[in-house]
Amino acid sequence: MADLQSLLANLKALDEVDGAVVWRAGEAPVGNLSASVSAVAPGLLASGIGTMEQVVQTVGLGQVEELWFLTGAQQGLAVRLGDWQAIIVATLDADIDRLRNAVTEQLERQS
Amino acid sequence: MRPSEIVDRARQAFRDGSPDRAVELAGHVIARYPRHASARLVRALAAEAAGELDQALEDLRFVTSAEPLNAPAAAATARIFKRRDDDARAQDEARRVVELVPDVADSESLESALDILGVDADALPMTPGVFARIHLRTGWPGTAERYARRALDDEPDRIDIRLTLAEALWQLNRLSLCEEQCTIIFDRANDCVRAAVMLAHVLAERGRMAEGQDLLGRAGEIDPEYLEARQMLAQLEIHRLVLPDAPQIDVPTSLRPPSETAEPAPTPVAPAADEPLQDDQPGKPEDSPTAPDGAAFTQIDWARELIRREDWREAERVLREMVEDDELSQADVDALLEEAAEAPALAAVAWGLLGDFRMRSHRPQAAAEAYLRAASAQDAADG
């Protein structure tokens with residue numbers, strides 16, 4: 001839990017990141033998202049990404065390593081590294097390549 | 001008090017040699033739920049003991065139609081046929097009892113069946129029906145299906161085996177074939193609770209929610225707490241059926257044991273949510289009273305008791321602990337959290353915890369469903 005919380009704090013501290021969710025396979029997700037979103041948003045985002053991973057794997061396309069999404073107001077990035085997974089929600093103008101490297105680096109430290 | 005708790009007391013009274021009290025207690029439940037299978041079974045056993053065999057058989061016919069896998073009902077039916085010197089039917093029923101192995105948890109039913117058959121347990125043949133049941137219970141529905149079909153080739157009228165086949169198909173998610181078998185079961189046993197639950201699920205999956213709920217409601221007349229439905233649906237990752245809250249029945253003072261009509265015992269004081277439980281502290285499951293059937297209270301029983309007492313804060317603390325306990329059975333925790341979510345005061349927390357639990361057990365799709373329900377419950381609570 002301490003690892004999850006410190007990882008979460010590090011991700012949330014990245015420039016242009018508005019919120020983050022992290023979890024490890026076999027554990028419940030923890031998140032730090034904007035107060036305006038639902039209290040179960042970390043769980044919903046994590047389970048949604050997990051479902052997408054299962055779908056991709058089931059159709060034989062292999063294991064998802066990254067998923068990126070864009071809305072009218074935000075962009076989001078989910079990254080998996082081994083057992084660790086993270087989702088960040090960032091501003092529209094955020095440099096997603098830079099953030100991808102930063103998130104991957106944080107996850108590597110945990111692995 | 002929940003109907004099943006009253007029936008537990010009736011059963012205990014019968015075991016303790018008080019058949020009149022057992023009949024009174026069972027009758028109290030039957031007055032409210034005339035089709036309550038467990039209460040009708042207690043009344044049947046008391047009638048059998050009193051030599052009122054016609055009355056007993058009438059109740060037993062209903063119970064075996066509602067619950068074809070009910071070994072005590074089949075054993076009682078066998079004993080009654082034996083008493084009437086109808087040896088052929090007695091032996092048929094007794095064979096059915098021994099084939100319900102490994103469902104036969106009570107040695108009494110098994111012993112009376114073996115006595116009628118005049119054999120020792122070691123001499124029992126392993127039939128395809130027995131193999132089907134064993135494979136189904138040990139998580140091999142595909143093999144169970146093959147054995148059940150083989151058993152039905154020899155005995156196509158055996159509803160218990162057909163029910164095993166239907167459950168195997170259900171577990172394999174072959175819903176059309178399961179539906180076919182359930183339809184055949186209803187032709188012979190139109191009160192069958194397990195077939196009703198499976199068919200209700202099939203209908204709901206096809207978008208016929210109202211029909212599914214209606215069918216589930218019929219099962220609820222026989223099992224108003226939906227205990228079998230909860231246990232069966234807990235095996236699924238997702239289902240769309242809504243299980244109503246467990247009902248409560250007032251028990252008149254005349255039917256309460258003397259210990260309950262006297263000065264009430266002090267209720268254990270639950271510790272504060274942030275205070276760790278000590279082994280010698282009231283509120284710890286080990287210090288709690290025994291469960292209705294006399295067994296030691298489990299953590300799950302304790303959580304249920306806290307919910308019944310509407311001690312939401314402590315219930316939430318215990319539920320949180322259970323979600324992180326890897327030793328507990330997944331089906332039990334799923335079922336408990338779904339039960340907890342039926343209490344409006346706990347709904348948002350319980351659905352959220354169910355989401356966490358399903359994430360921990362690598363079921364993200366089912367977790368998403370639970371989290372969505374948590375969000376809806378929270379919206380409802382926020383008005």
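Reader: On what conventions do the names and values rest, and which pLDDT must local features have?

Author: Residues are numbered from 1 along each chain as its sequence is written, chains are lettered from A and ligands numbered from 1 in the order in which they are written, and side-chain values use heavy atoms, with hydrogens and water left out. Because the model is predicted, totals for chains, interfaces and linings use all residues, side-chain atom pairs count only at pLDDT 80 or more, and local features need pLDDT of at least 70.

Reader: What pattern does the secondary structure of chain A follow along the sequence?

Author: Helices (H or I, at least four residues) and strands (E, at least two) are DSSP runs, numbered from the N terminus. Chain A has three helices and five strands. Read along the sequence, they give the pattern α-β-β-α-β-β-β-α.

Reader: In what order do the strands of the open sheet of chain A lie?

Author: Two strands pair if DSSP finds at least two bridges between them. Strands of a sheet pair through backbone hydrogen bonds, either parallel or antiparallel. In chain A, the pairing in the open sheet of five strands is antiparallel, and the order is 2-1-5-4-3.

Reader: How many bridges join strand 4 of chain A and strand 5 of chain A?

Author: The hairpin of strand 4 of chain A and strand 5 of chain A has two residues between the strands, and A:Gly82 takes a positive phi near 65° there. Within strand 5 of chain A, A:Gln85 is the bridge partner of A:Arg80. The two strands pair in the antiparallel sense, and the number of bridges is eight.

Reader: Which residue of strand 5 of chain A stands opposite A:Val17?

Author: Strand 5 of chain A also runs antiparallel to strand 1 of chain A, joined to it by seven bridges. Seven of the eight residues of strand 5 of chain A are buried (under 20% relative accessible area, with exposed over 50% and partly exposed in between, for a 1.4 Å probe and protein chains only). The strand is therefore largely enclosed by the rest of the structure. The residue opposite A:Val17 is A:Ala90.

Reader: What angle does helix 3 of chain A make with strand 4 of chain A?

Author: Helix 3 (residues 96–110) of chain A packs on the sheet, touching strand 1 (17–24), strand 3, strand 4 and strand 5 (84–91) of chain A. Contact means heavy atoms within 4.5 Å. Axes are lines fitted to C-alpha atoms, for helices over the stretch in contact, and angles run from 0 to 180 degrees between N-to-C directions. The direction of helix 3 of chain A makes with that of strand 4 of chain A an angle of about 35°.

Reader: What distance does helix 2 of chain A reach from its first C-alpha to its last?

Author: Helix 2 (residues 41–58) of chain A has 18 residues, and its buried residues include A:Ala46, A:Ile49 and A:Val56.

Reader: Against which helices do the buried residues of helix 8 of chain B pack?

Author: In helix 8 (residues 128–137) of chain B, the buried residues include B:Val130, B:Ala132 and B:Leu136. Just after this helix, B:Gly139 takes a positive phi of about 85°. The buried residues of helix 8 of chain B pack against helix 6 (87–99), helix 9 (141–154) and helix 10 (159–171) of chain B.

Reader: Is B:Gly352 buried or exposed?

Author: B:Gly352 is found in helix 19 (residues 347–360) of chain B. Leaving aside its neighbours within four places in sequence, B:Gly352 is in contact with B:Tyr371 and B:Ala374. With a relative accessible area of 12%, B:Gly352 is buried.

Reader: What is phi of B:Asp85?

Author: Most residues other than glycine have a negative phi, and most peptide bonds are trans. B:Asp85 is found in the loop between helix 5 (71–83) and helix 6 of chain B, and is exposed, with a relative accessible area of 65%. Its phi is positive, near 60°.

Notes
The expected span of a helix is 1.5 Å times one less than its number of residues.
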